[in-house]
Amino acid sequence: MLSIKEYLRPDTLEEAYDLGKMENTLYVSGGLMIASLKSSRLERLVDLKNLGMEEIEDGKRVKIGANVKLSEFMTNPLLSSLNHGFFKKTMKDVGSTQIRNMATVGGSVAFRLGWSDVITALMASKATVELYEGQLNEVSLERYVKEKRRKEIVTAIYIPKNDRFLAFEKFSKSTFDIAMLNVGVGMNIRDDKMSDVTVVVGSRPMISGRIVEVEKFLNDKELSNSIEAAAQLMRDTIKVGGDVRVKAEYRKVLSAALLKKAMRGIGDES
Ligand SMILES: Cc1cc2nc3c(=O)[nH]c(=O)nc-3n(C[C@H](O)[C@H](O)[C@H](O)COP(=O)(O)OP(=O)(O)OC[C@H]3O[C@@H](n4cnc5c(N)ncnc54)[C@H](O)[C@@H]3O)c2cc1C
């Protein structure tokens, strides 16, 4: 059972970071995952709402403040139109309307959930993460999720602005259920030829990560002729585990099937 003794709402990043460094303390953004924690050691919550971090800024890349809700990816004109409408399509597969109205992009990234659809989708887009740890730093999302959690505050996510085609596929028992596996694919495509390919798989059940062997195989090839071979390579090389929900062998089959679906989707769109 949770037995929170203090609920703090600092007004500055510096103050929040200093408070966050205290023992048995967690930051809160949307609060959805915090609400389901069972730790009795947790004593203090530091609410990040007063820090703003709600901006969506257009430029050479798009800056999305950490407190921006997932629903904004579907409704904000800029976010919903990025990469041929990728985020608008993808976010509808994340939880429900109520969840998306509460969950923040910062909380979704910082929690580093192994089954996160948000991390898989953002990683396929080559997003980077801005962090405050006494000073602001920026790292790739790919690197960030591999790092051990510290007391850093995620302040923003940056999405590169480009014309890459992106696709996301998820397999779960129902729309609201968490993914048994999810796949994100990104690429440039010209005259059916692929370049700058990213292939990301999450819920394996470990944290989302790129499948570099498949990416290398696909670069400079024609999309329409490479789907079957890429799917076979995915199945042969991907490292997956089993858990109560899915056996490892089934996850391998899913990874190949979802990759095919994602690539076909990009083929139809491009
Ligand atoms: C019922 C349910 C269904 C869901 N379904 C899906 C789904 O289908 N797909 C999917 O991808 N996700 C799903 N999620 C997860 C959701 O997308 C978010 O990942 C989750 O709600 C975390 O966001 P939050 O803003 O609520 O974070 P919080 O609960 O506030 O915080 C989560 C963690 O991150 C830390 N944190 C929060 N903000 C920051 C910050 N700015 N900097 C540093 N640390 C921070 C907190 O200390 C805490 O440890 C689901 C969640 C629920 C409850």
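Helices here are DSSP runs of H or I with at least four residues, strands are E runs of at least two, and both are numbered from the N terminus. I kept in mind that this is a predicted model, where local features need pLDDT of at least 70, side-chain atom pairs count only at pLDDT 80 or more, and totals for chains, interfaces and linings use all residues. Residue numbers run from 1 along each chain as its sequence is written.

I started with Arg-112, which sits in the loop between helix 6 and helix 7. Its phi is near 50°, a positive value in a residue other than glycine. I also looked up the peptide bond between Arg-204 and Pro-205, and it is cis, with omega about 15°. Pro-205 belongs to the loop between strand 11 (193–202) and strand 12 (209–210). Both got a note because most residues other than glycine have a negative phi, and most peptide bonds are trans.

**Domains**

**Ligand shell**

I got 29, and the closest are Gly-30, Leu-32, Gly-106, Gly-107 and Ala-110. Domain 1 and domain 2 each give the shell at least three residues. Helix 6 supplies the largest share, four residues. Other elements with at least two each include strand 2 (25–28) and helix 7 (117–124). By type I have 19 nonpolar, nine polar and one charged (nonpolar is Ala, Val, Leu, Ile, Met, Phe, Trp, Tyr, Cys and Pro; charged is Asp, Glu, Lys and Arg; the others, Gly among them, are polar).

**Helix 10 against helix 11**

Last, I checked helix 10 (residues 223–237) and helix 11 (residues 248–269): they pack at about 160°, axes 8 Å apart (axes are lines fitted to C-alpha atoms over the stretch in contact, and angles run from 0 to 180 degrees between N-to-C directions). That angle makes helix 10 roughly antiparallel to helix 11, a label for angles over 145 degrees.

Note on methods:
A residue is near a molecule or strand if its C-beta atom, placed from the backbone, lies within 6 Å of it. Domain bounds come from an automatic or database domain assignment. Angles under 35 degrees count as roughly parallel, over 145 as roughly antiparallel, 65 to 115 as roughly perpendicular and the rest as oblique.
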